[in-house]
Structure formats: C-alpha cells, structure tokens
Amino acid sequence: MAVLYLLPAFLGENSPKNIFSEQEMNLLKELKHFASENEKTARRFIKFLCPEVIQSELSFSVLNKRTSQQEIELLAEPLKKGENMGLISEAGLPCIADPGNLLVSWCHRNDIRVFPVIGPSSIILALIASGLNGQSFSFHGYLPIDSQQRKKSVQHLESISKNTGSSQIFMETPYRNQSLFDDLLKYLHPQTQLCVATHITLPDESILTLSCREWKAKKMDFHKKPTIFIIQA
C-alpha cells in the first residue's frame, strides 16, 4: 500500500536543522514524488535539509486552494500506482492553514495510508509559549482585510474568548502585520491579553504576551515578519 507522508517545512530559511527529525531527513532522501503549494519553496526546503538529493529526479504537483477534485485525482497518480508521496506545506505542518487536507481526504476515501511526521508548527509553538489557554482554543486563519469587517471580527473573537475563556488564534500576511496589530490595540479592551509571536524558530524569535494596555506603551515593528497573534479576554 502506498503512503502519503505529511512532511513539515521550515518556518524560515534560518530555522535550525535540528528541529527536524532524522525520520524526515531519511524520507526526503527516499521519496521521488511530492505535492506542495509552491514547487520552488518545496525544492528550496529539500535542498536546505538534504542538499545531497538530486533535484532533477524529483517530481512535484501543485496543490493550492484553487486545486479542483479532478486535479487531486491527477496529482494522486503515484499513490494509485503504489508509490509513496510527500506532502510539503509552505511553512510548518501540512494541512494547518494549508490546502493539503484535500489530498489527505482523498487518501482516506481511497484506502491510502496517511503518515504525519513530527515537526514545527508556528501556531502550536506560539500557543504553548503564550501562557494563554491551551485547553480550549480556536484558529481562525486570516482576518478580513476590510477595516469594518476586521473590527467586527476582532470584537467577535474577543467576545467568544470572554464567554468561554478560550484562546483565539489568527495570523496576517507579513506586510500587513503592523496594520493588524494597530487595529487590535484600537478595538480590543485594555485588559485583554495579546500574544504576538514573531519569527518562530528563527534567530530573532520573539514571543511576548501582554495586556493591550501594556502593548500600547511599547514601540514594536512587526512589518514583513511572519507572526501569529493570540488573544484571550
């Protein structure tokens, strides 16, 4: 039976190699077929972790949010033929803030084994380092870009957290980080706890949780830095 391996990718090209398992390195040396959201990024990751791999021997299929069910059938051809395949996310664990679940779902329907490999997730690493509720939490991906819709979304998440005690996790495109951060301080209550986790696993990693009132006293620059935001009211 073929196996689909879910392979974690780096959170940045300066991530230390020792956060990846020996198992993943061995798999990258063995596998010839991959699905990824971006072929260039996936190849760069494989070269980063296993530079000895001959890239010309690898085949890649693009799997993104626009991939249709018919295209899933096509890119799954190696699995149908009994050949193992690797699924690589843009960053961190596949299928979290990543469309890889489409292929995983196909595997479950077609009796293909799915094997998750241990590795970094910026969402989970931010949560466990935040000091906020790790027993009850929700991840919401990207918040709306429109200012009024964003305001409603932020206040809605704060209301959920206040009523349930849960942590609410979200993210933003790096070049809009500062705008989101400014909006959070504008729309959230002063006592609401806000964790800002930036460049996780990289040399300049920063994970800090303060009340919104305390954040207002700081001058921070998150522009173009991959960041996870968590709130708890």
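Biologist: What should I know about the numbering and the model?
Modeller: Residues are numbered from 1 along each chain as its sequence is written. The model is predicted, with local features needing pLDDT of at least 70 and side-chain atom pairs counting only at pLDDT 80 or more, while totals for chains, interfaces and linings use all residues, and side-chain values use heavy atoms, leaving out hydrogens and water.

Biologist: In what order do the five strands of the open sheet run?
Modeller: The order is β3-β2-β4-β1-β5 with parallel pairing, where strands are DSSP E runs of at least two residues, helices are H or I runs of at least four, both numbered from the N terminus, and pairing needs at least two DSSP bridges between two strands.

Biologist: Which are the edge strands?
Modeller: Those are β3 (59-62) and β5 (113-116), each of which pairs on one side only.

Biologist: And how many bridges join β2 and β3?
Modeller: Strand β2, residues 33-36, pairs with β3 over four bridges in the parallel sense, and S36 has V62 of β3 as its bridge partner.

Biologist: Which strands does helix α2 lie across?
Modeller: Helix α2 (residues 39-49) lies across β2, β3 and β4, at about 140° to β3, the angle being taken from 0 to 180 degrees between N-to-C directions of lines fitted to C-alpha atoms, for helices over the stretch in contact, meaning heavy atoms within 4.5 Å.

Biologist: Switching topic, is R150 buried or exposed?
Modeller: R150, in helix α7 (residues 147-164), counts as buried because its relative accessibility is 3%, the cut-offs being under 20% relative accessible area for buried, over 50% for exposed and partly exposed in between, with a 1.4 Å probe and protein chains only.

Biologist: What does R150 touch?
Modeller: Leaving aside residues up to four places away in sequence, R150 touches P144, I145, E172, S179, L180 and D183.
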